Amino acid sequence: MGLHDCASHPAGTRACYVSHKCRCVDCTGANLEYYHEWNRARLEREHGSRQSKYVDADVPRRTLARIRAAGIGLRTISKRTGLSRSSMRLLAMGERQRVLKSTARLLAEVASEELTT
Ligand SMILES: [Zn+2]
Ligand SMILES: [Zn+2]
């Protein structure tokens with residue numbers, strides 16, 4: 001790895017790594033980052049279609065707790081979101097590891113509408 005020595009690219013440019021074969025720390029890093037990003041996107045494409053519909057239940061569980069702490073019951077939340085009371089109860093009890101992304105979003109919406117004012 002050498003020093004960055006290129007007039008047409010700033011240090012940390014992947015194009016410099018690729019086309020000028022610059023191997024300075026910054027350009028090498030930029031190239032690695034690109035591959036990590038690319039790999040992540042590829043993995044998501046290949047395996048993520050199912051997983052990515054779900055999110056960790058931790059955040060929505062806390063959101064739900066905050067909504068209920070504000071005095072809004074499951075019945076009201078259910079009416080607002082269309083989520084079933086039993087599934088919210090399971091979430092609240094920690095019986096769910098993951099929830100649908102849409103569930104998390106609906107709860108976040110209720111929270112942002114009800115809890116900020
Ligand atoms: Zn460089
Ligand atoms: Zn260059």
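Modeller: The axes of helix 4 (residues 74-81) and helix 5 (residues 85-92) come within 9 Å and cross at roughly 120°. Axes here are lines fitted to C-alpha atoms, for helices over the stretch in contact, and angles run from 0 to 180 degrees between N-to-C directions. Helices (H or I, at least four residues) and strands (E, at least two) are DSSP runs, numbered from the N terminus.

The model is predicted: local features need pLDDT of at least 70, side-chain atom pairs count only at pLDDT 80 or more, and totals for chains, interfaces and linings use all residues. Residues are numbered from 1 along each chain as its sequence is written, while chains are lettered from A and ligands numbered from 1 in the order in which they are written.

Helix 4 passes helix 5 in a right-handed crossing (left-handed if the near helix is turned anticlockwise from the far one by less than a right angle, right-handed if clockwise). On the side of helix 4, Leu 74, Arg 75, Ile 77 and Ser 78 take part, and they meet Arg 85, Met 88 and Arg 89 of helix 5; a contact requires C-beta atoms, placed from the backbone, within 7 Å. By class, this contact has three nonpolar, one polar and three charged residues. Ala, Val, Leu, Ile, Met, Phe, Trp, Tyr, Cys and Pro count as nonpolar, Asp, Glu, Lys and Arg as charged, and the others, Gly among them, as polar.

Ile 72 lies in the loop that joins helix 3 and helix 4. Leaving aside neighbours within four places in sequence, Ile 72 is in contact with Ile 67, Ile 77 and Glu 114. Ile 77 also belongs to the contact of helix 4 with helix 5. Ile 72 is partly exposed, because 17 other C-beta atoms lie within 10 Å (20 or more would be buried, 12 or fewer exposed, and partly exposed is in between, with C-beta atoms placed from the backbone). The C-alpha atoms of Ile 72 and Ala 111 are separated by 10.0 Å, at 39 residues apart along the chain.

Ala 111 and Glu 114 of helix 6 also take part in the contact with helix 3, where Ile 67 is one of the residues involved. The axes of helix 3 (residues 58-69) and helix 6 (residues 101-114) come within 9 Å and cross at roughly 35°, in a left-handed crossing.

Terms used: Two residues are in contact if their C-beta atoms, placed from the backbone, lie within 7 Å.
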